[in-house]
Amino acid sequence: MQVDYDVIIIGAGLAGGCLALALAATDLRIAVVEANAREQRYASPAGDRALALAGGTITLLDNLGIWEAIKPQATPIAHIHVSDQGHFGKTRLSAEREGVPALGYVITARSIEDHIANLLAQSPNITQFCPARIIGISSSTQEASVSLKQADQASVINARLVVGADGGQSSVRKLLEIGQNITDYGQTALVTTVKTTKAHANTAYERFTAAGPLALLPTTNGQSSVVWTRSTEQAAALMAGSEADFMAQLQSCFGYRLGELTLTAPRRAFPLSLIRAKHMQVGRVIIIGNAVHQLHPVAGQGFNLGLRDVIVLAEQLIQQHTAGLDIGENGFLHAYVQKRLKDHNRVIGFTDGLIKLFSNQSNILAIARNTGLTFLDHLPGAKSYLARRAMGLSVDY
Ligand SMILES: Cc1cc2nc3c(=O)[nH]c(=O)nc-3n(C[C@H](O)[C@H](O)[C@H](O)COP(=O)(O)OP(=O)(O)OC[C@H]3O[C@@H](n4cnc5c(N)ncnc54)[C@H](O)[C@@H]3O)c2cc1C
C-alpha cells in the first residue's frame, strides 16, 4: 500500500529534530510536524535553559554532524565542585587530572535547536509542517495516520511509522491514551543566569541543601546559569518576592565562592516531578524523549537520555529499511522498546535515588552523605563516577 511518508515525526524540539537529522542522509521520506513557528520558539524563554552535556552526548552530537558548529557557543567544564550545605563533605573533579579536554559542556537549548532548524530546512527528503498541530492519530496493520490542523486547514497524512517527540505535554501520548506514572517531588526548579565578581574559571558547582540542590553552571561572557531547586512553597515565595530578596537568598545558599552574584536574566519556575509513560508503543506509533520521560533536572539527564532514544531508534530504523523490511512492524518496534527500557530504568532509578538521598534532612543521612563525599575525595574512580553522574556528565552509554 502506498503511503505519503515513511516516517512522520511529531515535534521538532531536541529529540524530534535530532531524529530527523539522523535519518536525513537516507532515502526515507520524512515529515516533521511542529506546533510552534521558528520565531516563536526562538523568542521563548524556555530556550535559555542551560543543558549540561555529557561526554557520550557530545560524541552522539558529533556523529549527527552538529557538534563542531555549535561547539563555539558551548562552555567547557574544567572543574566540578560538589558540596552539601552546612556539612563538611565536598568533592572536586578536574578535567586535567582525568586526562580529558573537558568534563562536559554547557550550552543553551536554543543554540542546539536553532542549528538543527537550519539543517532540517536544507534536507531535501524532509517535509516540514509548521506551525501545525496534531489533532488525531490512528494506526492499522498497514499504516499510521495523523490528522493535522494548520491555521484553519485540516489535513490527514499517513506513514509506515509515526514518532511522537512532542515533549512533556505530548499530544501523541494523550491521543493514544497512554497513561503515566507520576512522582511529585513537591519541588520547583528556579532557573536564571547570574554574573559573578569572581571568574567562574569553567567550574560547575553542585550544592546539595536540605530543600533541594543548587547548580551553578559556567556559561559564556563570564556568567553562570542557575538551577535552584526549592520546595513548591519556597519557590512560589521566591518568585513572588523582589529580585533583591531572591538574590539575597541565593547568595546565602551558595556562599561567596564566586564573590557577589548579580541577576542577569528573568527568573523562571519549572515544577518538578518524575513523569514516565506506561508504554512507549501503540501499533505503528512510538514516543521518545520527554514524551516518555520527564526527569528532575538535578541530574541533568533529560536530553542525554532522550538523545540515546534517538540514536538507538535511528540505527535500528536504518538497518530495518536497508534490509527492505517494514519500519513500523510490531515486532521490530517492540524490540526497540525493550532495548530502551533498561537505560530508562537505570537513569530514572539513579536520579530518583539522588534526590531522595540529598533532600533528606535526617542527621544520620547527612553524616552518611558527607562521609561519602569526603571518602570520595580519596577515591578518584568513585568520585568521578558520582560527580559526573550527578551533573548529567556521565560518560557511560
Ligand atoms: C530547568 C531545566 C534544566 C534542564 N537541564 C538539563 C541538562 O542539564 N541536561 C539535560 O540533558 N537535560 C536537561 N533538561 C531536560 C531537557 O531540556 C529535555 O529533556 C529536552 O528538552 C527534551 O526534548 P524533547 O524534544 O523530548 O522535548 P521538547 O524539547 O519539549 O520538544 C518538544 C517539541 O514538540 C513541539 N510540540 C509540542 N506539542 C506539539 C503538538 N501537539 N504538535 C506538534 N508539535 C508539538 C514543541 O513545540 C517542541 O518543539 C532540563 C530541563 C529543564 C526544565
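Visitor: Is Tyr 105 buried or exposed?

Guide: Tyr 105 counts as buried, because its relative accessibility is 12% (buried means under 20% relative accessible area, exposed over 50%, partly exposed in between, with a 1.4 Å probe and protein chains only). This is a predicted model, in which local features need pLDDT of at least 70 and side-chain atom pairs count only at pLDDT 80 or more, while totals for chains, interfaces and linings use all residues. Residues are numbered from 1 along each chain as its sequence is written, and side-chain values use heavy atoms, with hydrogens and water left out.

Visitor: How many aromatic pairs are there?

Guide: The count comes to four aromatic pairs (rings of Phe, Tyr and Trp, the last by its six-membered ring, with centres within 6.5 Å; planes under 30 degrees apart are stacked, over 60 edge-to-face, the rest tilted). The rings of Trp 67 and Tyr 105 form an edge-to-face pair, because their planes are at 70 degrees, with centres 5.0 Å apart.

Visitor: Where in the chain do Trp 67 and Tyr 105 lie?

Guide: Trp 67 is in helix 4 and Tyr 105 in strand 7, 38 residues apart (helices, H or I of at least four residues, and strands, E of at least two, are DSSP runs numbered from the N terminus). Trp 67 is also buried, at 4%.

Visitor: And what about the ligand: which residues come nearest?

Guide: Of the 31 residues around the ligand, Ala 15, Glu 34, Arg 49, Ala 52 and Phe 303 come nearest (a residue is near if one of its heavy atoms lies within 4 Å).
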